[in-house]
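Please look through the structure shown here.

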Amino acid sequence: MLSRFFAPKVKVSAHCDLPCGVYDPAQARIEAESVKAVQEKYQANDDADFRARAITIKEQRAELAKHHVSVLWSDYFKPPHFEKYPQLHTLVNDTLKALSAAKASNDPATGQKALELIAEIDKIFWETKAA
């Protein structure tokens, strides 16, 4: 009898760790924008000390961007999203690979490629939030 008294009256569920509002691809985009900006600054400066610092910062920002994309993939996107957007697994993988390429390169084109892929994730993300 006590178990029925303390049993939940309403069953709730969320498709992510917390009720939505804590995930946003903008975090990955901001870090990827920093990667590209550092790559551009690296290209425009010949000072060896500046370039060494730029590489360190770029690599840190690329890792942060990869983290934010990975969190979206593992914590936000769920099976119904992957059913509706079958390209999502490949898109996330391609984005992570592009961020790795940007981390390893000082060519701003690699940073731009990562930004373009993050923009595709962003579009899908906001479509799922509107649904």
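The side chains of Glu 63 and Lys 103 meet in a salt bridge, with N and O 2.8 Å apart; the term means a side-chain nitrogen of Lys or Arg within 4 Å of a carboxyl oxygen of Asp or Glu. This pair links distant parts of the chain, since Glu 63 is in helix 3 and Lys 103 is in helix 5 (residues 88-104), 40 residues apart. Helices here are DSSP runs of H or I with at least four residues, numbered from the N terminus. Glu 63 has a relative accessible area of 35% and is therefore partly exposed, as is Lys 103 at 26%. On this scale, buried means under 20% relative accessible area, exposed means over 50%, and partly exposed is in between (1.4 Å probe, protein chains only). Glu 63 and Lys 103 also belong to a network of salt bridges that includes Lys 66.

This is a predicted model, in which local features need pLDDT of at least 70 and side-chain atom pairs count only at pLDDT 80 or more, while totals for chains, interfaces and linings use all residues. Residues are numbered from 1 along each chain as its sequence is written, and side-chain values use heavy atoms, leaving out hydrogens and water.

The structure holds six salt bridges. Another of them joins Glu 31 and Arg 61, at 3.4 Å from N to O. Glu 31 lies in helix 2 and Arg 61 in helix 3, so this pair ties together parts that are 30 residues apart in sequence. Glu 31 is buried because its relative accessible area is 13%, whereas Arg 61, at 31%, counts as partly exposed.

How do the two helices joined by that pair pack? Helix 2 (residues 26-43) and helix 3 (residues 48-76) pack at an angle of about 160 degrees, with their axes 8 Å apart. Axes are lines fitted to C-alpha atoms over the stretch in contact, and angles run from 0 to 180 degrees between N-to-C directions. The two helices are therefore roughly antiparallel to each other, a term for angles over 145 degrees. Residues making the contact (heavy atoms within 4.5 Å) include Ala 28, Glu 31 and Val 35 of helix 2 and Phe 50, Ala 54 and Arg 61 of helix 3.

A further salt bridge joins Glu 33 and Arg 29, whose closest N and O atoms are 2.9 Å apart. Both residues lie in helix 2, four residues apart, about one turn of the helix. Glu 33 counts as partly exposed at 38% relative accessibility, and so does Arg 29 at 35%.

Key
Parallel < 35°, antiparallel > 145°, perpendicular 65-115°, else oblique.
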